[in-house]
Amino acid sequence: MHPLRHAIHLPLAILTGLMITSCGPERSGGGGEPAGGSSDELPNLSVGSMSSAPGGAESEGAVEVLNNGEADAGGFDVAFWFEESAGEVGDPGDVTLAIESLAAGESVWVEATFSGSHCLVSAYIDSQGDVEESDESDNSGEVDGCGR
Ligand SMILES: [Ca+2]
């Protein structure tokens, strides 16, 4: 009496299978990839907005992390520096926070707190270079919460 139920179950099963497959290493090349140039299908983490909230005893900094690339990003670190510009890949920063993942087209705010009164906050996304991106040059930024 409900032929639609059977019709719905099958596409769901196919989708689930594809999602599981896409999480694995992409070495086999055994199909299952959507049509399109796979070499361009990388995530791109980048800095959206930033904010700085200087305080007396401690200060806060925040960065909006965007994934405007073509693929989901796995785990990566976001490093913060207070009162200095962002360092290089591999620098731990004053505060480092780990992000589990960020899907393509998604964004997330990451907030850090550091002792002392600081106006300038800088951030480096994927500070350990864990994610292969289509653009590695747009991962850092800074903001001066005192408007200097
Ligand atoms: Ca990037």
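**Reading the strands of a predicted model**

User: Which strands do the 5 bridges of strand β3 (residues 76–82) involve, and in which sense do they run?

Analyst: In this predicted model, strand β3 (residues 76–82) is joined to β6 by 5 bridges, and the two run antiparallel. As a general idea, the strands of a sheet pair through hydrogen bonds of the backbone, in either a parallel or an antiparallel manner.

User: Which other strand is joined to β6 by 5 bridges?

Analyst: That strand is β7 (residues 140–144), which runs antiparallel to β6. Here S122 has E142 in β7 as its bridge partner.

User: How many residues of strand β6 are buried?

Analyst: A residue is counted as buried if 20 or more other C-beta atoms lie within 10 Å of its own. In strand β6 (residues 120–125), 5 of the 6 residues are buried, so the strand is largely enclosed by the rest of the structure. For the protein as a whole, 24% of the 148 residues count as buried.

User: In what order do the strands of the open sheet stand?

Analyst: The open sheet has 3 strands in the order β1-β2-β5, with antiparallel pairing. The edges are taken by β1 (45–53) and β5 (107–115); each has a single partner strand, so one side of each is left without a neighbour in the sheet. From one strand to the next, the twist averages 20 degrees.

User: Over how many bridges do β1 and strand β2 pair?

Analyst: The antiparallel pairing of β1 with strand β2 (residues 58–67) extends over 7 bridges. Within this pairing, S46 has L66 in β2 as its bridge partner.

User: What elements does the protein contain, and how do they run from the N terminus?

Analyst: The secondary structure comprises 1 helix and 7 strands. Read from the N terminus on, the order is α-β-β-β-β-β-β-β. As to contacts with a separation of 6 or more, 71% are between residues 24 or more positions apart.

User: What is the mean pLDDT of the protein, and how many of its residues reach 70 or more?

Analyst: The mean pLDDT is 83, and 74% of the residues reach 70 or more. Over residues 10–33, however, the pLDDT is below 50, and this stretch has 3 contacts in the model beyond near neighbours in sequence.

Technical notes:
Residues numbered from 1 in each chain as written. Predicted model: local features only at pLDDT ≥ 70, side-chain atom pairs only at ≥ 80, totals over all residues. Pairing = 2+ DSSP bridges. Helix = DSSP H or I, 4+ residues; strand = E, 2+ residues; numbered from the N terminus. Axes fitted to C-alpha atoms, helices over the stretch in contact; angles between N-to-C directions. Buried ≥ 20, exposed ≤ 12 C-beta atoms within 10 Å, placed from the backbone. Contact = placed C-beta atoms within 7 Å. pLDDT = per-residue confidence, 0-100.
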